Amino acid sequence: MKEFTNNPLDGKYGKYGGRFVPETLMSAVLELEKAYSSLKKDPDFKEELEYYLSEYAGRPTPLYFAKNLTEKVGGAKIYLKREDLLHGGAHKINNTMGQALMAKRMGKTRVIAETGAGQHGVATAIACAVLGLKAEIYMGKEDIERQKLNVFRMNLLNAKVHPVESGSMTLKDSINEALRDWVTNIQTTYYLIGSVVGPHPYPMIVRDFQSVIGREIKAQIMKKENGLPDALVACVGGGSNAMGTFYPFLNDPSVKLYGVEAAGHGIESGKHAASLCAGYEGVLHGMLTYFLQDEHGQICTTHSISAGLDYPGVGPEHSFLKAKGRAEYKSVTDDKAVEAFLELSKTEGIVPALEPSHSLAFAIELAGTMKKDDLIVLTLSGRGDKDVQVVADYLKVKV
Amino acid sequence: MSIEKSFKRLKEEGNGALISYIMGGDPQPDLTPRIAGALVEGGTDILELGIPFSDPIADGPTIQGANQRALSSGTTPLKVLELASQIKDDHDVPLVILTYYNPIFRIGPKKFFDMAKKSKVDGVIVPDLPVEEAQDYKPIADTHGLDTIFLASPSTTIDRLEKIIKYTSGFLYLVSLFGVTGAREKLQQSTIYIIKKFLPYTAGRIPLAVGFGISQPHHIKSIIEAGADGAIVGSAFVEMIKRSRYDVNMMLNGIRRYASELKRATILKSK
Ligand SMILES: Cc1ncc(COP(=O)(O)O)c(C=O)c1O
């Protein structure tokens, strides 16, 4: 029997996950679970999703052998899974396309979503625009200030952006606000969550839609190298690109799995977003998992140079994989991430997003400790165009 | 007095309960017992005391503000339990704690209920803990003899309602509408409908109290007339506290007066 199965009982991964939601939302998450379990088996739905992923979003993405980088590091062979080449510039569209199609089939006319830096907001706006759905995006007032261009981009894509002025005015508060909207409008509204977080069945649904990453990696590496990789490396904000990368390999024990969190200014500084590495078990946003919080259970604000990793929690299946020892979780600072960002830009001509720059920094370190015929696959979850200004500011370069 | 006794007495008199909510530590911890005193003097039958939380997902802007003011004044879960104990020493009123689940989870349910028991708390409401997730929590609360007040909502099916009633003691908290907490001008017609729909299942088993959006005497009159056993008012008091936070006497007088106005609306002359 396989150790890791597909459908968690009661939405639980070990003790993690669950549906800690107000009673009013219970009917909505149950409805969603029912809709998903029937759509999952519906060949017509699968076909439609595959159509949009290949014809519209640009799947499959290449698995590129980073020859220059590998030679420079002088260790294991490093492959890059090029999710940065997808429409929208990140893996986010794998999920938004799937969920937007679900919303449509469930007869919901209005889609809401949260966004931090705006990547998930943009990917939601894209999917809704092409399917003719109305998208409304919650975004913290602080984040809007930092990411004005993405706000305009969402507007171009016909989405409405609601500024969130509650709490710390960042991603976690946008999720709070989206949940408040959902509770008020459950009959008409689909909540399109952006990562493997939230109440069951969201972590399962988002993981399934993102698993296309790992499935393609498996087929591509078999073809290129005639074997499984020795290690998979992915960054972890909420954990969707990592879960999608890992999931098809959970029952292949020879494949080591590494998730990389944002250590910000360093774990000791307290200014970071490394929930699995430095947090405590808690309950928020419908799930039991690791959160950055104080001794009284108040959730902390986070820091990372990459807005996409700036979340004080993590998907429950990651907490489970950590508890099981199936995956290892590391953290990388702002400084090291920027170094890796510059390195890949120079050696391979690929400007990565700051999120996977974190996992790239770790992958480079890891490769150096491995043998020359070992294989590492790094999921390059997004492109770095959105981060050019941030990096310029970091380097104190005026553009 | 226990919650059960309180409802029993009111039922004998033919009246509904006024259940008043405030946030512990809003605007300052030392004011909380005095505000609670004013509520009780005004005629509050059951007091609901909130523990502030950084991420109150079921609350509208008014109570979100109370959470932030209480956190800014340094209010911890333990502090709120101390305040509860003080209130119980001063007044013979049933007191329930309202908190999101994470503070309980972080302290540990066992330790939390030990402390709540010592503070003479009568019951606990956790808006983000549905019965499915209460497997650990419920038996611990039962052992400590504290009431577990679960919520039902307009989207609750009768099957679920039955399950929720099995987990519930003290009273059942009926969320009156689709939405978050916060005062509304008008009572929704659907609120009366849902009370009447659920009453046949609760009558004789568990008192039914209605909250969310209830802020004015005429709201209370309508829901008590429809057969509910109690009305829960939160945002209206929190708003008064916020508005008059720099003039404590005005605050306390205003709260006492408004509570008595609301209390009058729970008294049905025709019953
Ligand atoms: C490029 C990129 N990678 C990673 C993430 C982190 O999300 P997750 O951990 O769910 O993959 C984001 C989030 O915005 C992102 O934009």
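Predicted model: local features only at pLDDT ≥ 70, side-chain atom pairs only at ≥ 80, totals over all residues.
Hi everyone, thanks for coming. Let's start with the ligand. Which residues come nearest to the ligand? Among the 17 residues around it, the nearest are Ser195(A), Gly237(A), Gly239(A), Ser240(A) and Ser381(A). If you sort that shell by class, you get 11 polar residues, 4 nonpolar and 2 charged.

Ser195(A) has one that lies 2.5 Å from an oxygen atom of the ligand, and for Ser240(A) the corresponding distance to a ligand oxygen is 2.7 Å. How much of the ligand's area does the protein bury? Taken alone, the ligand exposes 400 Å², and 96% of that is buried by the protein. There is a histidine to point out as well: an N or O atom in the side chain of His91(A) is 3.0 Å from an oxygen atom of the ligand. As for where the ligand sits, the space it takes is the largest cavity.

Now please turn the model to chain B. Here we have an open sheet of 9 strands with parallel pairing, and the order reads β5-β4-β3-β2-β1-β9-β8-β7-β6. Which strands stand at the edges? They are β5 (147–149) and β6 (151–152) of chain B; each has a single partner strand, so one side of each has no neighbour in the sheet.

For one pair in detail, take β1 (residues 17–23) and β2 (residues 46–50) of chain B, which run parallel and are joined by 5 bridges. In this pair, Tyr21(B) stands opposite Glu48(B) of β2(B).

Last topic: backbone geometry, back in chain A. Most peptide bonds are trans, and most residues other than glycine have a negative phi. Where do we find cis bonds? One runs from Arg59(A) to Pro60(A), with omega near -5°, and Pro60(A) lies in the loop between α2 (43–57) and β3 (63–65) of chain A. Another runs from His200(A) to Pro201(A), with omega near 10°; Pro201(A) has its place in the loop between β8 (189–191) and α9 (202–210) of chain A.

And then there is His285(A), a residue other than glycine whose phi is positive, near 50°. You will find His285(A) in the loop between β11 (280–284) and β12 (286–291) of chain A.

Conventions: Residues numbered from 1 in each chain as written. Chains lettered and ligands numbered in written order. Heavy atoms only, no water. Near = heavy atom within 4 Å. Polar contact = N/O pair within 3.5 Å; in protein donor to acceptor, adjacent residues only side chain to side chain. Areas by Shrake-Rupley, 256 points an atom, 1.4 Å probe, with all protein chains shown as cover. 1 Å grid on protein atoms, 1.4 Å probe; cavity = no way out; pocket = protein on both sides within 12 Å on 5 of 7 lines; lining within 4 Å. Sits in = over half its atoms within 2 Å of the grid points. Nonpolar A, V, L, I, M, F, W, Y, C, P; charged D, E, K, R; others polar. Pairing = 2+ DSSP bridges. Helix = DSSP H or I, 4+ residues; strand = E, 2+ residues; numbered from the N terminus.
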